[in-house]
Amino acid sequence: MQTDTRKLDSTYIAHTYLRFPVEIVSGQGATVQDASGKTYIDLGSGIAVNSFGVNDPVWKAAVLAQLDKVQHASNLYYTQPQAELAQVLCEKTGMKKVFFGNSGAEANECAIKAARKYASDKYGEGVRPNIVTLINSFHGRTITTLSATGQDVFHHSFGPFTPGFLHVPAGSIPAMQAAIRRNDVCAVMMEMVQGEGGVLPLDPEFVRATAKLCEENDVLLIVDEVQTGNGRTGTMYAYEQFAIAPDVVSTAKGIGGGLPIGVCLLGEKTQDVLGPSAHGSTFGGNPVCAAGALSIVKRIDEALLSDVRRKSARLVSGLQAIRGVRSVTGLGLMLGVQTEKNAKEIVLGCIEKGVLMLTAKDKIRLLPALNITDGELEQALKIIKEVIEA
Ligand SMILES: *Cc1c(COP(=O)(O)O)cnc(C)c1O
């Protein structure tokens with residue numbers, strides 16, 4: 001069974017992924033089983049997607065109830081789960097309107113279109129087309145979001161790329177100031193914690209200075225919360241911890257609890273810029289995905305968030321106590337661990353012993369389900385320690 005899947009995969013699926021040697025078939029919460037029946041504690045949750053782990057009864061009930069009604073209706077008609085999800089998101093964030101897509105990259109595409117349209121309507125077409133993003137950022141894999149991504153490794157082979165992106169070093173207020181003062185910039189887009197870039201939180205002073213510069217110059221602040229959002233960092237959205245009020249917020253990954261959905265939240269300034277036919281998506285806001293997402297978002301309350309922060313503190317102190325750990329960075333249950341040993345080797349060693357985790361750059365990356373149990377957490381820490389200290 002296992003070898004069959006791997007053989008089929010290697011024969012018929014484009015080799016875009018360096019997969020770990022595990023075929024996941026089932027699970028419960030933060031524990032998953034592979035095809036041979038071996039169990040693992042999963043500290044990756046499908047890259048921060050399975051917010052409440054695998055086979056979660058509440059999410060599953062919401063999804064199945066909607067499947068019993070209608071699985072898709074197109075955006076030419078109204079559907080209740082989509083409308084309710086939009087309401088809950090706006091009420092929780094103070095944002096004004098929502099556009100639904102199917103992925104993080106699409107949420108960012110919408111944010112980029114909204115920003116350019118806002119500036120185009122107000123200052124004239126082509127006057128302020130540029131968007132500032134940060135070096136070492138990650139915003140997606142479409143041609144435009146690759147342009148936005150501030151890592152040179154992504155800027156080869158697929159050109160011409162979408163023009164209109166300026167990359168400045170994360171943390172440099174003078175560089176941000178210089179970019180914004182060009183007067184041809186409609187928005188700044190950034191992640192509060194650079195996830196793929198190595199789980200690096202931004203300097204709060206830099207974030208607040210950027211927000212102030214944006215406000216003073218009528219430049220929109222877009223926060224990419226695709227990975228950091230939906231309780232992952234210990235608040236509903238990570239920007240709350242930086243005391244800023246973004247104009248646009250994009251999110252995806254964890255909001256769907258496992259089904260694809262991308263969300264672009266539009267604030268006061270951008271709520272009305274995208275009118276009929278200015279943007280759209282066939283699948284966006286699919287009622288089954290939206291019903292599942294609604295059940296996820298409703299459960300992200302203060303009790304859950306404080307539990308995320310408590311588990312985060314335990315995980316950080318447990319990791320810092322391991323010999324060979326150089327640093328632990330991140331926020332909430334989004335952590336990066338720099339080790340003396342090679343990260344890939346550690347991940348493979350942990351797979352042997354029944355723990356799944358990810359890497360980001362040369363670090364180990366941990367993104368466990370928000371409802372991982374204390375027992376699972378302690379067991380995983382014990383195994384990580386054994387592997388790192390071996
Ligand atoms: C994963 C990610 C994306 C891309 O999301 P997809 O759903 O893969 O398109 C964009 N931005 C950030 C910060 C991400 O972590």
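This is a predicted model: local features need pLDDT of at least 70, side-chain atom pairs count only at pLDDT 80 or more; totals for chains, interfaces and linings use all residues.
In this tour, Ala, Val, Leu, Ile, Met, Phe, Trp, Tyr, Cys and Pro count as nonpolar, Asp, Glu, Lys and Arg count as charged, and the others, Gly among them, count as polar.

Let's start with the whole protein. It contains 12 helices and 17 strands. Its radius of gyration is 21 Å, close to the 21 Å that the globule rule gives for 390 residues, so the protein is as compact as a globular protein of that length. If you draw a box around the C-alpha atoms along the principal axes, its sides come to roughly 60 × 50 × 45 Å.

Now let's look for empty space inside. Rolling a probe the size of a water molecule over the atoms shows where empty space is left. How many cavities of 30 Å³ or more does the structure hold? There is one, and about 60 Å³ of space lies in this largest cavity. Its lining is made of 13 residues, and Ser74, Asn75, Gln82, Gly285 and Pro287 are the closest to its centre. Here the sorting from the opening comes in: the lining of the largest cavity has four nonpolar residues, nine polar ones and no charged ones.

Two elements give two or more residues to the lining, namely helix 4 (80-93) and strand 4 (97-101). Strand 4 provides the largest share, with four residues. Sorted by type, the lining of the second largest pocket has eight nonpolar, nine polar and two charged residues.

Next comes the ligand. Which residues surround it? The list is Ser103, Gly104, Ala105, Asn108, Phe138, His139, Gly140, Glu191, Asp224, Val226, Gln227 and Lys253. Helix 5 (residues 104-123) gives the most to this shell, with three residues. The shell divides into three nonpolar, six polar and three charged residues.

An N or O atom in the side chain of Asp224 is 2.8 Å from a nitrogen atom of the ligand. A nitrogen atom of the ligand is also 3.3 Å from a polar backbone atom of Phe138. Gln227 places a polar side-chain atom 2.8 Å from an oxygen atom of the ligand. On its own, the ligand has 390 Å² of accessible area, and the protein covers 80% of it.

Let's finish with two details of the backbone. Most residues other than glycine have a negative phi, and most peptide bonds are trans. Where is Asn55 found? Look in the loop between helix 2 (45-48) and helix 3 (57-67). Asn55 has a positive phi of about 60 degrees, although it is not a glycine. The other detail is a cis peptide bond between Gly159 and Pro160, with omega at about 5 degrees. To find Pro160, follow the chain into the loop between helix 6 (143-148) and strand 6 (165-168).

Technical notes
Residues are numbered from 1 along each chain as its sequence is written. Side-chain values use heavy atoms; hydrogens and water are left out. On a 1 Å grid over the protein atoms alone, a cavity is a set of points where a 1.4 Å probe fits but cannot get out, and a pocket is an open set with protein on both sides within 12 Å along at least five of seven lines; lining residues have an atom within 4 Å of a point. Grid points are joined across faces, edges and corners, and a volume is the space filled by probe spheres set on the points. A residue is near a molecule or strand if one of its heavy atoms lies within 4 Å of it. A polar contact is a pair of N or O atoms within 3.5 Å; within protein, one must be able to donate a hydrogen and the other to accept it, and residues adjacent in sequence count only if both atoms are side-chain atoms. Accessible areas come from the Shrake-Rupley method with a 1.4 Å probe; for residues, only the protein chains shown count as cover. The radius of gyration is taken over C-alpha atoms; the globule rule is 2.2 Å times the number of residues to the power 0.38.
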